[in-house]
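Reader: Can you walk me through this one? Keep it quick.
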Amino acid sequence: MENSEGVKIESTVVTEEPLISALDIALFVVIITVAYFWYFKRDKQSSSSEKKPYTIQPSSLSSIEQTSNSSFIKKLKSTGRSLVVFYGSQTGTAEEFAGRIAKEGARYKMKGMVADHEECDMADLVEMKEIQKSLAIFCIATYGEGDPTDNAMDFYEWLQNGDADLEGLNYAVFGMGNKTYEHYNEIAIYIDQRLEELGATRVHEIGLGDGDANIEDDFVSWKEKLWESVCSHYGIEETGEESNIRQYKLVDCSEVLPERIFSGEISRLKSYENQRFPFDVKNPYLSKIAVNRELHKSGDRSCMHIEFDIDGSKMRYDTGDHVAVYPKNSSELVDKIGELLNADLDAVFSLLNTDEESSKKHPFPCPCTYRTALTYYLDITSNPRTHIMKELIEYASDPKDQEKLKLMASSTPEGKKEFHEWILRDNRNIVHILEDLPSVKPDLDHLCELLPRLQCRYYSISSSPKVYPKSIHITAVLVNYTTSTNRINKGVATNLLAQLIPTNDELPQPTIPIYIRRSQFRLPPKSQTPIIMIGPGTGLAPFRGFIQERDYARKEGREIGEMVLYFGCRKKDEDFIYENELQEYVANGTLTKLHLAFSRDQPEKKYVTHLLEQNADELWNIIGEKSGHLYVCGDARSMAKDVHSIIVKVVMEKGQMTNSQALNYVKKMEQQKRYSADVWS
């Protein structure tokens, strides 16, 4: 019999039934069968897992990042740290600043670590209060139209959508932006305010760095006051100990097999020989250069039309997207560093993080040669920051060189002035510094640790995938200029691209690594919506794609709206790029109006902004009466700002609004994506 819980109870009645019934046998068979399949299925999975060929590869940034523990709290606790510095970085500056703050924490008895938002479970911030005298610092960049960086996107959305209780979290925020952009430091400001709303305690006021001015000065000034606030908040004192401690140690890799050595790959070893989809920032596509032709008709400047072949790559892009190009430094500059430091550039080495708990084991893919590091991984053409000046002091044998470096590394008014004039105004890079301070001979491995990573360059795509599905076009001006010290500085990417000329014979075609970055710069969903495009110079690039797409729709028999283009350059006979194409679009009706401004073809300079003011009625007719879209592409510092002012003025006058109403109207256009800007400074 069974009790109420279904448990069998022995009977006291003796029967002649067999000890094992048919039912028992059936149940036993079922149990054995299930156990058999469960065991052998698991064993098969285990065996296949064990048989999977694992190979130990040289560590790279991505391989370490993918395997890192997402719990930064556990790392803080297990290593006795109380300071974590998160970075949201698109170009590497925020990551660099985060590292400098974490390093200085030791001077204030706060052992620190650097963390990437993307690698961490940011919900663990609620547990920061469990660590005594803990502090979280956020170095956050804003790019585009007030967008978070790619690696900070999830954290940004977590703050927006969540309501975590962050009481007990102590924090500070430093933002990086550009005042020429409308959404200056918008992400950092939001994060600073949102953390407070969720109950966190602000230890020090937000710092706002301006990349259009001297972001290094902004950062250093904020950082000094930060530590004053930290000392006051926690009741601690500076130890006075210098923080010039190496973050990475040199490892001799002369015995490593050649096939295990990185030769310029961004992340995965041999990734350019064995290409794998999907392609992104850590896995770019090695594209052939299909076309490279000059667009300027005359003059001493150069503008290139370049087409990247993406046939067979499975890459897809939309009109208005950007393409990222991975450049490399000139061999001339690389050789010069080897000569100045009397170093063997072909020696194979690795830099290994002295912090065993760090998720970033190497500053760049290792092992590699010094030549590879200086060519593909390190930025040797930008202006070094003050912390590099400080690190170079110990390598100067001449007292005068030492004093100059000490002055530029200091935060005194005199030091800031000297740094601004000698480094920024005179546009010196690390090669120039080593040339002009001949007694400074840093160890090459230390220099490789100090220099920032070489970043990819972004270009607006100047083609439509509807017309060119197998290629990506860009329009790029060759950058060459003479500094005040009579040196010729060259743009890293454009000078490389200028050398990549496809041939007509059977020789291998030139290649370069690229990937596509998505943009919010989009045509209206409806092809009938009228648009105004304002793009002087290479600002024409994305609009060439816009026009191609509308022309494609027209040829398919679809109705297209008015397309008005404002284009400007210096001289009609010199730098009027894509002239024949544009005139053809006007002739076939795709381009409704083409307003041209040639600034130097007459005594008084004439720009697209002058034409906008003259055509106020047309402007209001499209953006006011017909609810059309307006696009701006080009220089953010002056042109884009002037255009914005003119738009507000036209809305006031033609729409009969007050200044406040006009500003709100334009703001609403931006929110509705009817007013979009793709600008740079």
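Author: Start with a pair of helices (H or I runs in DSSP, at least four residues, numbered from the N terminus). Helix 4 and helix 7 make a right-handed crossing, meaning that the near helix is turned clockwise from the far one by less than a right angle. This is a predicted model: local features need pLDDT of at least 70, side-chain atom pairs count only at pLDDT 80 or more, and totals for chains, interfaces and linings use all residues. Residues are numbered from 1 along each chain as its sequence is written, and side-chain values use heavy atoms, without hydrogens and water.

Reader: At what angle do helix 4 and helix 7 cross?
Author: Roughly 30°, and their axes come within 12 Å. The axes are lines fitted to C-alpha atoms over the stretch in contact, with angles from 0 to 180 degrees between N-to-C directions. So helix 4 is roughly parallel to helix 7, a label for angles under 35 degrees.

Reader: Which residues of helix 4 meet helix 7?
Author: Phe 97, Arg 100, Ile 101 and Glu 104. Their partners in helix 7 include Phe 219 and Trp 227.

Reader: New topic. What does Leu 374 touch, beyond its neighbours within four places in sequence?
Author: Its contacts (heavy atoms within 4.5 Å) include Val 334, Ile 337 and Leu 444.

Reader: And how much of the protein is buried?
Author: Buried residues make up 50% of the 681 residues. Buried means under 20% relative accessible area, with a 1.4 Å probe and protein chains only.

Reader: How many helices and strands are there?
Author: There are 22 helices and 23 strands. Strands are E runs of at least two residues.

Technical notes: Parallel < 35°, antiparallel > 145°, perpendicular 65-115°, else oblique.
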